[in-house]
Amino acid sequence: MAKTKLTEQTIRNLASSQSLERGQEYLHAEAVSPLVQRGDVLTAEVEGSEYDPYKVSVHLHDGGVASADCSCPYDWGGYCKHIVAVLLSYVRDPDEVDQREPITYLLDGLDQSQLLQLLKKRLEIEPRLADWIEAELSIAMASSAPKEKETTQRRTLVDPEPIRRQAEHLLRGSGRRRGYWDDYES
């Protein structure tokens, strides 16, 4: 059983009245997938106006919400209706939350070759993950490079191309490409 101090009043305080009302509608319409909790991270998908469901991730802390994220384009203050629906489901039906081991715990049990095989398999499914890996490795290599004392000439240790591509992807945003960014409601 999931132990929660989170209340519906707390959820009301985290969202607009319209998001709260719409989140309740999504919950009653059974648009929320089964909730999964791994440590302090709660995840679910919520069916919405797009073909693919919205992905919701909530970071819990001390029985409350530390942060929450949704793949929808909502950005008008407070949490969106999808996050509200997930939180309401969590509060109203804590026994239905699928409790699983945190991913870090599962990964700690793997050796280097198993981790590499897992990563390669995922890259076959999601080739865009390569851009993220490339950017992360560039940053890691730059931060581990020996620091020189004051230099008069700027040196670029990071290849900016993968970072630029990732930034363009993030700034483009999935909602804008579909053309409903302007008319989106909470």
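Trainee: Why is Arg100 called partly exposed?

Mentor: In this predicted model, Arg100 has a relative accessible area of 40%. Buried requires under 20% and exposed over 50%, so Arg100, at 40%, is partly exposed.

Trainee: What makes the contact of Arg100 with Asp98 a salt bridge?

Mentor: The closest N and O atoms of Arg100 and Asp98 are 2.8 Å apart. The limit is 4 Å between a side-chain nitrogen of Lys or Arg and a carboxyl oxygen of Asp or Glu, so the pair qualifies. Asp98 has 31% relative accessibility and counts as partly exposed.

Trainee: How do you know that Glu25 and Arg22 form a salt bridge?

Mentor: Their closest N and O atoms are 3.6 Å apart, and the cut-off is 4 Å, so this pair qualifies too. Both residues belong to helix H2, and because they are three residues apart, about one helical turn separates them. Glu25 is partly exposed at 39%, and Arg22 is partly exposed at 22%.

Trainee: Which residue forms a salt bridge with Arg122, and how many salt bridges are there by this rule?

Mentor: Arg122 pairs with Glu126, with the closest N and O atoms 2.4 Å apart. The count comes to five salt bridges.

Trainee: Why is the span of helix H3 called close to the expected one?

Mentor: H3 has twelve residues and reaches 16 Å from its first C-alpha to its last. Eleven of the twelve residues of H3 are buried. They pack against elements including helix H1, helix H2 and strand S3.

Trainee: What makes S3 and S4 paired strands?

Mentor: Six bridges join S3 to S4, which run antiparallel. Pairing needs at least two bridges, so S3 and S4 pair. Leu60 has Val65 in S4 as its bridge partner. The two strands form a hairpin with two residues between them, and Asp62 in the turn has a positive phi of about 50 degrees.

Methods: Residues are numbered from 1 along each chain as its sequence is written. This is a predicted model: local features need pLDDT of at least 70, side-chain atom pairs count only at pLDDT 80 or more; totals for chains, interfaces and linings use all residues. Side-chain values use heavy atoms; hydrogens and water are left out. Helices (H or I, at least four residues) and strands (E, at least two) are DSSP runs, numbered from the N terminus. The expected span of a helix is 1.5 Å times one less than its number of residues. Buried means under 20% relative accessible area, exposed over 50%, partly exposed in between (1.4 Å probe, protein chains only). Contact means heavy atoms within 4.5 Å.
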